[in-house]
Amino acid sequence: MYQKNYNYLPLSNLKPEQLVIDQNMNFEEIFYQGKISSDGTAIARGVDVSYLSQIDQFQYQVNASWNDAQYKDLNGTWRNRVFDSELTVGISASYHFSESWKLNSNWSFIGGRPYTPYDPNNAKTGKENYLDDETNLQRLPDYHSLNLR
């Protein structure tokens with residue numbers, strides 16, 4: 001279980017809804033920041049759980065993490081941090097048939113990351129497409145995968 005409080009984070013007067021240090025986490029183009037202030041605050045909290053067990057040739061591990069990471073923008077609105085996927089679960093299992101034969105499986109679930117929607121109509125006019133008032137307030141769909149080898 002953890003909680004971290006952050007102070008003096010960089011915010012831009014040109015994009016008051018965005019946290020400057022999160023802006024390029026998606027490897028997007030760097031924009032002119034204008035005047036930077038250190039008025040940003042953020043909080044990250046969560047719980048991590050892990051369990052490992054082995055019964056004869058069968059071994060499995062379960063990991064789960066819940067987190068909540070938010071920052072307060074220059075307008076006073078609390079917004080999700082870029083990598084705040086909220087819930088992550090991983091289950092790995094393996095069975096050893098012999099010294100040279102083994103079956104592995106991995107299942108992962110990752111909650112949807114926050115994103116900022118855009119207005120496709122603005123692309124035609126040359127205006128910026130992102131809806132800044134909704135910065136990081138919507139989420140991508142959850143994701144899961146299963147791998148066998």
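Colleague: Let's start with Arg45: what is its relative accessible area?
Modeller: Buried means under 20% relative accessible area, exposed means over 50%, and partly exposed is in between (1.4 Å probe, protein chains only). Arg45 lands in the partly exposed class, because its relative accessible area is 28%.

Colleague: What should I know about the model and the numbering before we go on?
Modeller: It's a predicted model, where local features need pLDDT of at least 70 and side-chain atom pairs count only at pLDDT 80 or more, while totals for chains, interfaces and linings use all residues. Side-chain values use heavy atoms, with hydrogens and water left out, and residues are numbered along each chain as its sequence is written, from 1.

Colleague: Which side chain does Arg45 meet in a salt bridge?
Modeller: A salt bridge here is a side-chain nitrogen of Lys or Arg within 4 Å of a carboxyl oxygen of Asp or Glu. For Arg45 the N to O distance is 3.0 Å, and the partner is Asp68.

Colleague: How many residues apart in sequence are the parts that this Arg45 and Asp68 pair ties together?
Modeller: Strands are DSSP runs of E, at least two residues, and helices are runs of H or I, at least four, both numbered from the N terminus. Arg45 sits in strand S2 (residues 36–55) and Asp68 in strand S3 (residues 58–72), so the pair bridges a sequence separation of 23 residues.

Colleague: Is Asp68 buried or exposed?
Modeller: Its relative accessibility is 12%. That value is why Asp68 counts as buried.

Colleague: Which residue forms a salt bridge with Asp84?
Modeller: The closest N and O atoms are 2.9 Å apart, and the partner is Arg139. This pair links distant parts of the chain, 55 residues apart: Asp84 is in the loop between strand S4 (78–80) and strand S5 (87–96), and strand S8 holds Arg139.
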